[in-house]
Amino acid sequence: MATSASHMELVCPAGNLPSLKAAVDAGADAVYMGFRNDTNARHFAGLNFDDTTARAGIAYARQRGRRVFVAINTYPQPAGWSRWQAAVDAAAELGADALIVADIGIMDYAARRWPELRLHLSVQASATNPEAIRFYHENFSIQRVVLPRVLSLKQVQQLVVESPVPIEVFGFGSLCVMVEGRCFLSSYATGQSPNTFGACSPASAVRWQETPRGLESRLNNVLIDRYTPDEPAAYPTLCKGRFRVNDRTSYAIEEPTSLNTLALLPELQAMGVAAIKIEGRQRSPAYIKQVTAVWRAALDMCRQASHNYRPRADWLEALQAVSEGSQTTFGAYHRPWQ
Amino acid sequence: MTGLPRLSLGPVLYYWPREILLGFYERIAQSPVDIVYLGETVCSKRRALRGDDWLKLGEMLESCGKEVVLSSLTLLESASELGALKRLCDNGRFMIEANDMAAAQLLSGQHPFVCGPAVNLYNAGSLQVLARLGMKRWVLSVELSSTTLESLQQQRPAGLESEVFVFGRIPLAYSARCFTARAANLAKDDCGLCCIDHPDGLLLETRDQEPFLVLNGIQTQSAKTCNLVGALDDLRRLDVDILRISPQSDHTETVIQTFHDALHGQCSAEDAELRLQALVPTGSCNGYWHGGAGMDNRDPQAGRLD
């Protein structure tokens, strides 16, 4: 479903109350947050909201006319079911504007228990085609879908036309090379995955070690990368390590780059994308403030004069400075990436 | 506990040449496997066999007493892939294994279907929704444990069959990118179908030369082979209906025979374990079943549930 070009919404991450305020103050139309447990896909120590901060955050956004989405986007197993159910109830009772959900059982529960509550299909539900979206729309009345970061621009355009609900796409932040919700690499190595635990390559499994061959990063003892003194070391996200294939060592799965679609905004707007999502609930309030401000300015300029729109050099510099590996890419939106 | 679980053969996850595939299924027809899943689940560019070829193979296997299920593509992005999926769902003859919600949507209320391991069903609520829509059988997600399965079995809707992936390199991830092409310095659009050179996938090792993963086109698998032959007693106690063996280029019939013998008490679990250990390319694992990291390999005796 294409959305009117003047309403492309900026959806920004809030890992805590200061970040939520930073995003709202810098011009986010909506912020998304999660609770302090494994019910969301950024289950990191010290991150996320309890009842008090969630209440304060929702009030802060609401007073300024912005919306708050609550991510409950991991997959509950029977032993944890009541925790997810409680998260849905809490978000509904707090007055969240929408839930971002991935699990069929949770959608079924939310749709029956809170029929008035908006549901957005999380990227973790891996909906990459109109039939899959139709499944969630017909069964649970989802009202928006967040697309996996694996589709090309042409594929996004096709989906905007054919989807029964508006489309949200990722614009900026870390890049998953795998289809979200369909990647078990992390649990294969550590026992914990985004689906089951809300974290990929969890910090508790990371070990750094100086060796005669260089600084090594390991994940549950699996060597993810090794650095010479002049190489900058990166967090050992499993798919972004260097490995040997055919006796050659390289980034065999994905380079440590991040996604930046600032230059694609006019195309995304013209095709009728409803919202641009910024990744990064784990990032600092300062990061959120800077990234949100740049995207606010870009969206405003694009809306006012899309034919004259060009990303400004100072925006790109500001984003480049905070990007992972200091390299950005169009990701899958740019077909050669695939 | 009711009867013995049946054995199934999952779809061939690799790109094998036409003659190899046809010969393989000729042999499978004579093996003691009960259910055969047929079709391409990984990449729509692989066309060693066309739709009609798969249907003919299905008829041949059915005439040899096998139940046949047609497996569908896992990552559907293009209109042509959806078109092929629709034709498959309308085949009018064989049940479909849905590996994406698109297939579940097309089959809902129309035909009974199986949900494959790439459909995320982690709780009873999810099972109930799909069962209402026509799901007859589901394959446990490869990352879930026996503890979770036990709860799911206790709460599963009446008549719903359960299937567990018990042998094979584990499908772990899907991407829009082709890692086999990337390793050969080829663009995905111009891959030359180079995955045909890797009948068990392309090994990825860590920099200290430990086998870790296997690249299979857009799919990433475990280097270690999942082997739950040591958990047969638990699988029976949990009333699992079907045990899935995933094809590998060599010894698949021996693997099937070994599971069959172990199930029928014709060899001990220990002997079966030893036999299978000799047949896997880079070691075995069973960690997911025991609730740990998938790559772990617990001693089946020590890890036995009570």
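Analyst: Two residues are in contact if their C-beta atoms, placed from the backbone, lie within 7 Å. Helices (H or I, at least four residues) and strands (E, at least two) are DSSP runs, numbered from the N terminus. This is a predicted model, in which local features need pLDDT of at least 70 and side-chain atom pairs count only at pLDDT 80 or more, while totals for chains, interfaces and linings use all residues. Residues are numbered from 1 along each chain as its sequence is written, and chains are lettered from A and ligands numbered from 1 in the order in which they are written.

User: What covers the buried residues of α4(A), and which element of chain B is included?
Analyst: Helix α4 of chain A covers residues 104–113, and I104(A), G105(A), I106(A), M107(A), Y109(A) and A110(A) in this helix are buried (20 or more other C-beta atoms within 10 Å of the residue's own; exposed is 12 or fewer, partly exposed in between; C-beta atoms are placed from the backbone). Within chain A, the cover includes β3 (67–72), α3 (81–94), β4 (98–101), β5 (119–121) and α5 (130–140). From chain B, the cover includes α5 (124–133).

User: Which helix gives the largest share of the side of chain B that touches chain A?
Analyst: The contact between the chains draws 54 residues from chain A and 51 residues from chain B. On the side of chain B, the largest share amounts to five residues, and the element that supplies them spans residues 101–107: helix α4 of chain B.

User: What percentage of the residues in chain A is buried?
Analyst: Chain A contains eleven helices and 16 strands, and its C-alpha trace spans about 60 × 55 × 40 Å along the principal axes. Among the contacts in chain A with a separation of 6 or more, 64% link residues 24 or more positions apart. Of the 338 residues in chain A, the buried share is 56%.

User: Is T53(A) buried or exposed, or does it fall in between?
Analyst: T53(A) lies in helix α2 of chain A, which runs over residues 51–63. Its C-alpha atom is separated by 9.8 Å from that of F35(A), 18 residues apart along the chain. Because T53(A) has 18 C-beta neighbours inside 10 Å, it counts as partly exposed.

User: Which residue is the bridge partner of L38(B) in β3(B)?
Analyst: L38(B) belongs to strand β2 of chain B (residues 35–38), where I35(B) and Y37(B) are buried on one side and V36(B) and L38(B) on the other. Strand β1 of chain B (residues 6–9) pairs with β2(B) in the parallel sense over two bridges, with L9(B) opposite V36(B). Four bridges also join β2(B) to strand β3 of chain B (residues 67–71), again running parallel. In β3(B), the partner of L38(B) is L70(B).

User: Which residue of β11(A) is the bridge partner of R218(A)?
Analyst: An open sheet of three strands in chain A has the order β9-β10-β11, with antiparallel pairing. Its edge strands, which each pair on one side only, are β9 (206–211) and β11 (222–227) of chain A. Strand β10 (residues 214–219) of chain A pairs with β11(A) over five bridges. In β11(A), the partner of R218(A) is L223(A).

Key
Two strands pair if DSSP finds at least two bridges between them.
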